[in-house]
Amino acid sequence: MNAKQLAAEAAVDYIQDGMKVGLGTGSTAYWAIRKLGDRVAEGLRITAVATSRASEQQARELGIPLVSFGEVDRLDVTIDGADELDGKLQLIKGGGGALLREKIVAMGSDRMIVIADESKVVGTLGKFPLPVEIVPFAWEWTVAALAQLGCIPELRQGGGELYKSDNGNYIADCRFEIIPSPPELALALQSIPGVVEHGLFIGIADMAIVGKSDGTLQIIDNGTKA
Ligand SMILES: O=C(CO)[C@H](O)[C@H](O)COP(=O)(O)O
């Protein structure tokens with residue numbers, strides 16, 4: 001079993017009968033959804049919402065009951081991957097382009113469990129280019145404003161054209177190399193009008209389950225919620 005699958009399946013052990021569950025996006029979340037599908041087939045009764053069309057389709061194929069956002073106020077737990085995470089459970093997300101939906105779903109959950117392999121754990125965030133979802137209108141100005149924050153922003157490409165998120169927006173991948181203060185950067189990003197959402201998750205995750213190549217798990221749950 002690979003390290004992503006190990007972490008993902010361990011997270012599914014936290015799901016109990018009757019829970020409302022947020023389904024993340026990406027190659028690690030894939031394994032969690034697959035395991036949840038197995039447990040639903042065995043009789044586990046849950047309802048779920050998905051953070052992307054891809055995860056929704058996977059859940060549907062596996063028979064996981066999906067509900068609309070109008071049918072639930074809050075979720076009990078969301079299980080999702082991350083591109084980077086530090087010891088305070090601050091995250092960079094959005095490598096798969098689903099950061100806006102992922103943040104809405106995670107913040108609407110009583111608990112967010114992050115699943116990752118050990119390559120995602122860092123001392124300081126920033127090596128992974130920070131995904132920022134921006135509206136197509138006047139994107140040139142928004143990208144220029146992002147560059148003013150000290151990064152090199154690059155609009156994500158997909159299939160020979162500009163990538164569009166499930167929400168019809170562009171993603172600017174912002175290369176910082178190091179982000180000394182994620183909360184300060186988050187505030188600065190939020191003040192740019194063309195920014196819809198950014199991939200810094202601060203004070204949102206409650207616990208991380210990290211799968212290691214030696215087959216063991218590391219639990220990070222003592223993060224200071226900023
Ligand atoms: O934020 C995400 C998608 O927007 C993913 O959770 C993140 O990119 C990690 O992906 P993977 O599990 O494939 O490494």
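**Figure 1. Six strands line up as β2-β1-β3-β6-β14-β15 in an open sheet of mixed pairing.** Strands here are DSSP runs of E with at least two residues, helices are runs of H or I with at least four, and both are numbered from the N terminus. Two strands pair if DSSP finds at least two bridges between them. β2 (47-50) and β15 (217-220) each have a single partner strand and stand at the edges, so one side of each is left without a neighbour in the sheet. From one strand to the next, the twist averages 20°; axes are lines fitted to C-alpha atoms, for helices over the stretch in contact, and angles run from 0 to 180 degrees between N-to-C directions. Please keep in mind that this is a predicted model: local features need pLDDT of at least 70, side-chain atom pairs count only at pLDDT 80 or more, and totals for chains, interfaces and linings use all residues. Residue numbers start from 1 along each chain as its sequence is written.

**Figure 2. Strand β3 (residues 75-80) has parallel partners in β1 and β6.** With β1 (residues 20-23), the parallel pairing runs over three bridges. Look for V21 opposite V77 of β3, and for G22, whose bridge partner in β3 is T78. With β6, β3 pairs in the parallel sense over five bridges, and here T78 has M112 of β6 as its bridge partner. Five of the six residues of β3 are buried, leaving the strand mostly covered. A residue is called buried if 20 or more other C-beta atoms lie within 10 Å of its own, exposed if 12 or fewer, and partly exposed in between, with C-beta atoms placed from the backbone.

**Figure 3. The ligand is surrounded by 18 residues.** The closest are G26, T28, G81, G95 and G96. α2 provides the largest share of the shell, three residues. By type, the shell holds four nonpolar, 10 polar and four charged residues. In this count Ala, Val, Leu, Ile, Met, Phe, Trp, Tyr, Cys and Pro are nonpolar, Asp, Glu, Lys and Arg are charged, and the others, Gly among them, are polar.

**Figure 4. Helix α1 (residues 3-12) is largely enclosed by the rest of the structure.** Eight of its 10 residues are buried: A3, K4, L6, A7, A8, E9, A11 and V12. These buried residues pack against α2, β3, β6, β14 (207-211) and β15. Two residues count as in contact if their C-beta atoms, placed from the backbone, lie within 7 Å.

**Figure 5. Helix α6 (residues 182-190) has buried residues at P182, L185 and A186.** Seen down the helix axis, the buried residues fall within an arc of 105°, so they line one face of α6. The arc is that of the directions from the helix axis to the C-beta atoms. On the other side, E184 and L187 are exposed. The cover over the buried residues includes β12 (195-198) and β13 (200-201).

**Figure 6. L89 and E177 both have a positive phi without being glycine.** Most residues other than glycine have a negative phi. For L89, phi is about 60°; this residue sits in the loop between β4 (84-85) and β5 (91-92) and is buried, with 24 other C-beta atoms within 10 Å. For E177, phi is near 75°. E177 lies in the loop between β11 (170-175) and α6, and is exposed, with 11 other C-beta atoms within 10 Å.

**Figure 7. F128 is a loop residue between β6 and β7 (130-134).** F128 has 20 C-beta neighbours inside 10 Å and therefore counts as buried. Leaving aside residues up to four places away in sequence, F128 touches D83, E84 and I92. R60 is 68 residues from F128 in sequence, and their C-alpha atoms are 31 Å apart in space.

Terms used
Near = placed C-beta within 6 Å.
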